[in-house]
Amino acid sequence: MKKKCELTPSDLRSICDPKMFTFKNTAEVNPLDEVIGQERAVQAINFGLNMKSPGYNIFVTGLEGTGKSTIIRDLVDRQAKTLPSPVDWCMVNNFKDEYRPKAISVPTGKATRFSKTISKLIDDLKKELPKAFEHESYHQRQSEIQKKYSDQQKKIIQKLEASAAEKNIQINRTKTGYQTIPIVKEKPISPEEFMALPKKIQTEIEERISMVQSEVDATSRELNKINQVMTSQVENLMEGIALFVVKQRIDIIKEEYKGCKDILAYLDEVQADLLENVKDFISSQEAKSPIEGFMLQSAKPSFQRYKVNVLVDQKSLKGAPVIFETNPTYHNVFGQIEKRAHMGTIITDFSMVQAGSLLRANGGYLIMEIESILINPFVWEALKRALQNKLLSIEDLASGLGYGTSSLRPEPIPLEVKVVLFGSYHLFHLLQNYDSKFNKIFKVRADFDHEVEKNRDTIQQYARFIARVCKEEDLLPLTPKGVAAIVEYGEKYIANQKKLSLRFGAIMGILKEANYWAKKRNAKRVSDKDVITAFNEYRFRYNLYEEKIHESYVDDTIMIDVDGEVAGQANALSVFQIGDFIFGRPSRITAETYMGKQGVVNIEREAKLSGKTHDKGVLILSGYLGRTFAQNYPLSLSISITFEQSYSGIDGDSASSTELYAVISSLSNIPIHQGIAVTGSVNQKGQIQAIGGVNQKIEGFFDVCKSKGLTGKQGVLIPRANVKNLMLKKEVIDAVRKRKFHIYQVSTIEEGIEILTDVPAGTPDQEGYYPEGTVYGKVQEKLKKYLEQLFKLKKQFEAENEATV
């Protein structure tokens, strides 16, 4: 059985032949300009980028280091270059409601220019409007209007005064209005003199005053009407002159932007406001007071309301924008309304509104990481709302939450953007299952694979990828042997002889470190020796904990037998992981069988040190034992299984076959070779199933055997399904070639127990009985003995009870 199941050295590692490369070094190779083995993801991304319907945003999943970010950027950049550049955006004052500023679209690349044009317009009007109103023609026309209505007012006043004189009443004009004074004997009298007059005369005078007062009121109304007409005509005159000055300048701007409705509408509003507030431009400066510095100054006319706040200017952009937001806080994504302190308070206006990455990406693509989005409050909900409504609202977050002072609420901006999110499988499934809007907004999933089929084409693509990295990172070129070593590393990284790793992050790390070691020895090329050095040095930097554990095996702190035979005891192989660093080491499993009805007792489970997967693996043992040995009579036994010297949690089912071998050995009392370690899970039918970390497990046990002394009988039992995963280090392969170490493949428990004990497992006859002298035959004998003893004890107890009665 051992010969039949033993693997040859060629089975233990896939070797990449450097002769398949025709170049002398990678400097001669065309750098890779395509994607290796990501057809599914690339197709999904291209579909999402070209799908114009709402909701077809893209969610990218895949393991770290598979080149998602690089590939996405490359594909999005290519797509963006084929699209037109979007319009610019500016924030302007809303002259009807200053708390609701407007965003206007400006032709691509002209936002800053438009802002400067408006600034120049206002500066020009500050000079030209005062000149227009200082012109002689304006003053002459103004004087004519004023003289015309002044003459009318004089005539009305003269008429009033004549009417009053007829009634012996004199009218005096004061700052507060008109004052009526009675005249007696052709002289005005004082209030005291009036009070001294006879009552009858007083009554007559009061009646005349009342009559005159009515005329005064009527005259005041008429004068006010004349004043209003005069003021109106003066304002019309000013407006006409202002319109002449303003309109010709604004018409020039309109001609330049005649195709932009937003700008034309804004210019109309600006013109109307300028004409309404033309006095701000012509008001004379007041003389400065000597105590001006100690008093609040009167408010000066503000021209801030005419400022154009540039939010986005795409002048330097070719194609659609591509924004990669690395820190997606609320303000970074959606923009913010800044504030500043002024005289003990906080003020803001439309000129302090700032754009976020979502507006900068408007008309193009925005790339972010979902994890960063979710850890920043309010971003995820606001992003979904913006994408669903296709409107961007720049809001003051604190004000919206009820904190701080009231702020601006700019009008929403139309949004046309494609969002690409990176995320883990876990977050994708959470959002897909628990966020009702997620599937409506992110309808495209691009899933990046971590491996690709190994063939001649993909190996050559690997070489071109290496050439690209060397060129972009300014690394030394690699020799064919160096490239072959990287290819083998790509196989080892995913532990599969038929596939290559697509996790280029780790491969780039090895290339950079190999370049370092090559330069250190003053080499002009990176060879396979440099790649191996880089790998070994990386391991050395991380494997202190591994070495400390290894010392525990060497000095017998952790008890492991690597030679001899012991019944009910087997060496299992387990994996330790610290970050990205993984290594394997053996663990002793012991099993004790005895009479009883408890079945399989998992000591780790009883001690609450066992994980669910490990518990499941142990419970499967009962199924296999029942299927194999309980067809003719019931099982009546107790089994105790444990990992010796294990003081922390254990999980996984890769030791379930080892546990079963120990149980079978204990029941049959046939010892197991301690030099052969075992890994592999088992199902209820006794089939050995694949496990993970097979290379680390084999190399870990080999290191222990090497330290304790290789005997030529040591080795590892692995599932047949894991043979394709073997990429063992050359030291192990050399030991196998020299027959100092052995690797066996098995697919059933029966094959494994024969290798471990050198005793046939046995084949049952038609009645289910195994031959004598076989492993399973001895197990049946032991189980039958337990059952017979149980019945014997039962009868004995019954007889004793009857005798007692």
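The legends below accompany several close-up views of a predicted model.

**View 1. The largest nonpolar core and the surroundings of Tyr776.**
The largest nonpolar core holds 46 residues, and within this core the members that touch the most others are Tyr661, Ile664, Leu717, Ile749 and Tyr776. Once neighbours within four places in sequence are set aside, Tyr776 is in contact with Tyr624, Thr628, Phe629, Ile664, Ile749, Glu750, Ile753, Ala761 and Tyr770. Another core lies apart from this one and has 42 residues, including Phe114, Ala242, Val270 and Leu274. In soluble globular proteins, nonpolar side chains tend to be buried together.

**View 2. Thr658 in helix 24.**
Thr658 belongs to helix 24, which covers residues 656-668, and with a relative accessible area of 0% this threonine is buried. When residues up to four places away in sequence are not counted, Thr658 touches Ala570, Asn571, Ala572, Ile589, Val678 and Thr679.

Across the whole structure a search finds 30 aromatic pairs. One of them is formed by Phe114 and Tyr257, an edge-to-face pair with 5.3 Å from centre to centre and 80° between the planes. Phe114 lies in helix 4 (residues 111-134), whereas Tyr257 lies in the loop between helix 7 and helix 8 (261-276), so the pair ties together parts that are 143 residues apart in sequence. Phe114 and Tyr257 are both buried. A further pair joins Phe281 and Tyr306, whose ring centres are 6.4 Å apart and whose planes stand at 40°, so this pair is tilted. Because Phe281 lies in helix 9 (residues 279-282) and Tyr306 in the loop between helix 9 and strand 7 (309-312), the pair links parts that are 25 residues apart in sequence. Phe281 counts as buried at 6% relative accessibility, and Tyr306 is likewise buried, with a relative accessible area of 1%.

Five strands form an open sheet with parallel pairing, in the order 8-13-16-1-17. Strand 8 (322-324) and strand 17 (444-447) stand at the edges with a single partner strand each, so one side of each is left without a neighbour in the sheet. From one strand to the next, the twist averages 20°. Strand 8 runs parallel to strand 13 (residues 365-369) and is joined to it by three bridges, with Val322 standing opposite Tyr365 in strand 13. Helix 2 (residues 39-50) packs on the sheet, where it touches strand 1 (58-61), strand 13, strand 16 (418-423) and strand 17, and its direction makes about 155° with that of strand 17. In a separate detail, Arg73 lies over the face of Phe324, at 4.2 Å from the ring centre.

**View 3. Ser85 in a loop.**
Ser85 is found in the loop between helix 3 (68-81) and strand 2 (88-92), and with a relative accessible area of 23% this serine is partly exposed. Apart from neighbours within four places in sequence, Ser85 is in contact with Thr108, Leu317, Lys318 and Gly319.

**View 4. Two aspartates with positive phi.**
Most residues other than glycine have a negative phi. Asp474, although not a glycine, has a positive phi of about 55°; Asp474 lies in the loop between helix 17 (456-472) and helix 18 (480-494) and is exposed, with a relative accessible area of 62%. Asp758 also has a positive phi, near 60°, and is placed in the loop between helix 27 (749-757) and helix 28 (775-804). With a relative accessible area of 48%, Asp758 is partly exposed.

Note on methods. Residues numbered from 1 in each chain as written. Predicted model: local features only at pLDDT ≥ 70, side-chain atom pairs only at ≥ 80, totals over all residues. Heavy atoms only, no water. Core = buried A, V, L, I, M, F, W, Y, C linked by side-chain atoms within 4.5 Å. Buried < 20%, exposed > 50% of the residue type's maximum accessible area, 1.4 Å probe, protein only. Contact = heavy atoms within 4.5 Å. Helix = DSSP H or I, 4+ residues; strand = E, 2+ residues; numbered from the N terminus. Phe/Tyr/Trp six-rings, centres within 6.5 Å; stacked < 30°, edge-to-face > 60°. Lys NZ or Arg CZ within 6 Å of the ring centre and 35° of its normal. Pairing = 2+ DSSP bridges. Axes fitted to C-alpha atoms, helices over the stretch in contact; angles between N-to-C directions.
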